[in-house]
2 protein chains.
Amino acid sequence: MSFALNDLDEVSQTLKLLGDKTRLTMMKLLEKQECCVCELVEIFKTSQPSVSQHLRKLKDAGLVKENRKGQWIFYSVNPNCTQNELIQKLIAFVPSQDHELEELDKKGLRISCD
Amino acid sequence: MSFALNDLDEVSQTLKLLGDKTRLTMMKLLEKQECCVCELVEIFKTSQPSVSQHLRKLKDAGLVKENRKGQWIFYSVNPNCTQNELIQKLIAFVPSQDHELEELDKKGLRISCD
DNA sequence: TCATTATATAACTATTCACTTATATGTTCA
DNA sequence: TGAACATATAAGTGAATAGTTATATAATGA
């Protein structure tokens, strides 16, 4: 769930959320395409609960949406987020994470449900 | 002093710094014009050490610069900051703080050294 | 020089935060 | 139905953070 905030609170809350390297990188990745939790665990070299907890914060703030496909849950940037304009501008300053996805492909760890 | 960081670290550090409502508002104010510590204490209705500590963080990151005038030290946004482009874009999303400065004027608490 | 004013710093405290481990929930498939 | 896999949640822990109080430093002016 997300809460109604005034502009100042909303902006500072968004910056606080994205002032974490993991979440900021996640947004850059998930802007380009959806990823499931286990892919993010591999990319960030961290535990599954850690990834889930970051995703929950992003989801509670309305920044990402989830899309279950069978046993996997794919996350992606929510284009209807009220903060979308700000977020687009922020993410533009984050270095591309394409290499991370290529790495996943190479290792054969990319999950596909198509 | 400010430290050399890669792009990702630099961006996330900046967002973390400005993910605080007080510091974010300070940047909005100090972008328009310089303010001294005692003015900011009045505006933010908080203690002098609290204001000084926020300013120090902003200064350590290179986001603001100081300018002593007699017993007062005036702070303003540092236009030579390496993160300047990002910061300009962020600040544009913060509501105007002009009313705060007008309030100061009304109360006769504006410090002027001209 | 001394009192006053402005600011910085230090030490402490309460809260927040990210991460870990353990466990629960949900889905698939044999 | 039950084992295996994917994800979420709960509880605990240590580090970071913002604020407080107390004190130090610095500038002014009588």
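1. A polar contact is a pair of N or O atoms within 3.5 Å; within protein, one must be able to donate a hydrogen and the other to accept it, and residues adjacent in sequence count only if both atoms are side-chain atoms. With that in hand, look at Arg23(B): an N or O atom of its side chain is 2.6 Å from a phosphate oxygen of DNA strand D.

2. A word on the basis: this is a predicted model, where local features need pLDDT of at least 70, side-chain atom pairs count only at pLDDT 80 or more, and totals for chains, interfaces and linings use all residues. Residues are numbered from 1 along each chain as its sequence is written, chains are lettered from A and ligands numbered from 1 in written order, and side-chain values use heavy atoms, leaving out hydrogens and water.

3. The side chain of Ser47(B) places an N or O atom 2.9 Å from a phosphate oxygen of DNA strand D, and for Arg56(A) a polar side-chain atom lies 3.4 Å from one.

4. Finally, the two protein chains. A rotation of 180° with 0.0 Å of shift along its axis superposes chain A on chain B, with RMSD 0.0 Å (least squares on C-alpha atoms of residues with pLDDT of at least 70 in both). That is the relation of a two-fold axis.
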